[in-house]
Amino acid sequence: MVKFAHLADCHLGGWKIPEMESLSLATFEKAIEACVDEKVDFVLIAGDFFDNALPSIDTLKLAALKLKELKEKGIRCYIIAGSHDYSASGKTFLDVLENAGLCKNVSNNSEGDLNIIEDTDVIIAGISGKKVGMEQEVIRGLNSPDLSKFGNKLKILMLHTTIAGSEPNDMMKSIGASEIPGGFDYYALGHIHKVFNRNIDGKLIVYPGPLYPNNFSELEELGNGKFVIAEYSDGKVIVELQNILLRETKTIEINAEGKGPEIVTSEIMGAMKKDGIAERIILLRVAGTLSRGKTSDVDFNEIKKEFERQKGHCLLRNISKLESPEFKTSVKVEASNMEDIEKEVINKNQPLVKTDFDGLMMELLKGFDIEKMEGETSSTFESRLREGISRILGIGEMI
Ligand SMILES: [Mn+2]
């Protein structure tokens, strides 16, 4: 029997709120502890171990420490890069961990043939994720490997991509299960942040979900941390989802439609005064158009004070659908491509200003549409952006 753990989308270092980041890291620690307790033979990390290609020293320290604990227990770790910890040059911090002997990056270096790694109890191969689903072309270009020489040995393929049928929304580009190499017993996937476990086209496709939810809606949907422990014997794999619950979540939903900001404040306060705040993550969702005033008139300071009085763990609010009547505008556009939509919106909203307003707006949109280059620091990127915008606006320097 071979027993292994499958983690994905840990996004270590991803939360910018300290109370949430500490939960994400503590979940990772718990998962590693569970792997040791369960005496798994090895651990798979199917991409997005880190939230970006250059994680902070603190994040790296914890990751290295935990992988070292696995190593000391004789538990191997196989990893691939995801769309977040991948970099176009191919250099990632996973290489540092690998060179230190803490994990084995099983991603292919070259195209065409899968690079198959053979160990005593498993053969394993993988393809790293890339930005915007670019890995799918690489996967489609793979030759089907001949795995028959490995007999009954457990065969695993690690991928960081979206398999057709698993898409959380139809914006995501996917690859059909029939288009990925066959013959493996277990397809260890990462990328979509949901739990998915299905046999498609004779392939056992498993997404364990993110190790810890990465944002408000994932917290609402998943609530806690998740990974998979699987067992292989007699040619069969049995998959068991593991849950790690360190802090419970509680959702408070308030409908603000047609109400004044004071009423909305007191409704939220009323909900906050009920039980169940202490130690919990509170997900506060307020939606609707106020009868008057601004959204900032809802007294979130007072609400935060009540939350602190009850010693909640973290208060997260989602007010993206809370609107003030003064700013509610809607524009009907008929154009279908992005540039035409932008032009139309600008035209319809054109205030009484000088001559070439739409020309200027289009230039500004282009000016803002630049991306940070690989290896570029935030401050260099910021000054490049500022310079470009200043030039478009024809001003010497931006404040
Ligand atoms: Mn991810």
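Residues are numbered from 1 along each chain as its sequence is written. Because the model is predicted, local features need pLDDT of at least 70 and side-chain atom pairs count only at pLDDT 80 or more, while totals for chains, interfaces and linings use all residues.

The chain contains 10 helices and 16 strands; helices (H or I, at least four residues) and strands (E, at least two) are DSSP runs, numbered from the N terminus. Along the principal axes, its C-alpha atoms fill a box of roughly 75 × 55 × 40 Å. The chain has 399 residues, of which 33% count as buried. A residue is buried if 20 or more other C-beta atoms lie within 10 Å of its own, exposed if 12 or fewer, and partly exposed in between, with C-beta atoms placed from the backbone. Two residues are in contact if their C-beta atoms, placed from the backbone, lie within 7 Å. Of the contacts between residues at least 6 apart in sequence, 72% join residues at least 24 apart. The chain is divided into domain 1 (2-244), domain 2 (249-327) and domain 3 (338-393), the bounds coming from an automatic or database domain assignment. The centres of domain 2 and domain 3, taken over C-alpha atoms, are separated by 34 Å.

Axes are lines fitted to C-alpha atoms, for helices over the stretch in contact, and angles run from 0 to 180 degrees between N-to-C directions. Angles under 35 degrees count as roughly parallel, over 145 as roughly antiparallel, 65 to 115 as roughly perpendicular and the rest as oblique. Residue classes are nonpolar (Ala, Val, Leu, Ile, Met, Phe, Trp, Tyr, Cys and Pro), charged (Asp, Glu, Lys and Arg) and polar (the others, Gly among them).

The axes of α1 and helix α2 (residues 57-72) come within 10 Å and cross at roughly 5 degrees, so α1 is roughly parallel to α2. On the α1 side, Leu25, Phe28, Glu29, Ile32, Cys35 and Val36 meet Leu62, Lys66, Glu69 and Leu70 of α2. This contact has 7 nonpolar, no polar and 3 charged residues. For helix α6 (residues 261-273) and helix α7 (residues 300-309), the axes come within 10 Å and cross at roughly 5 degrees; α6 and α7 are therefore roughly parallel to each other. Thr265, Ile268, Met269, Met272 and Lys273 of α6 make the contact with Glu302, Ile303, Glu306 and Phe307 of α7, which by class gives 5 nonpolar, 1 polar and 3 charged residues. The axes of helix α9 (residues 357-368) and helix α10 (residues 378-393) come within 9 Å and cross at roughly 170 degrees, so α9 is roughly antiparallel to α10. Here Glu363, Leu364 and Gly367 of α9 contact Gly388, Ile389 and Ile392 of α10, with 3 nonpolar, 2 polar and 1 charged residues.

A nonpolar core is a set of buried Ala, Val, Leu, Ile, Met, Phe, Trp, Tyr and Cys residues joined through C-beta atoms within 7 Å. The largest such core has 67 residues, and Val43 and Met158 have the most contacts inside it. Its largest share, 7 residues, comes from helix α1 (residues 18-37). Leaving out residues up to four places away in sequence, Met158 touches Leu44, Ala46, Tyr78, Ile80, Val106, Ile124, Gly126 and Ala188. Another core, of 19 residues, lies apart from it and includes Ala256, Met272, Ile281 and Leu290.

Cys35, in helix α1, counts as buried because it has 26 C-beta neighbours inside 10 Å. Beyond residues up to four places away in sequence, Cys35 touches Ala5, Val40, Val43, Leu70 and Ile75. Cys35 and Leu290 are 255 residues apart in sequence, and their C-alpha atoms are 50 Å apart in space. Pro325, by contrast, is 35 residues from Leu290 in sequence and 6.2 Å from it in space, C-alpha to C-alpha. Pro325 lies in the loop between β16 (322-323) and α8 (338-348) and counts as exposed, with 12 C-beta neighbours inside 10 Å. Apart from neighbours within four places in sequence, Pro325 is in contact with Thr289, Leu290, Ser291 and Arg292.

Most residues other than glycine have a negative phi. His11 has a positive phi, near 45 degrees. His11 is in the loop between β1 (2-7) and α1 and, with 24 C-beta neighbours inside 10 Å, counts as buried. Val132 also has a positive phi, of about 40 degrees. Val132 is in the loop between β6 (122-127) and α4 (135-140) and counts as exposed, with 9 C-beta neighbours inside 10 Å.
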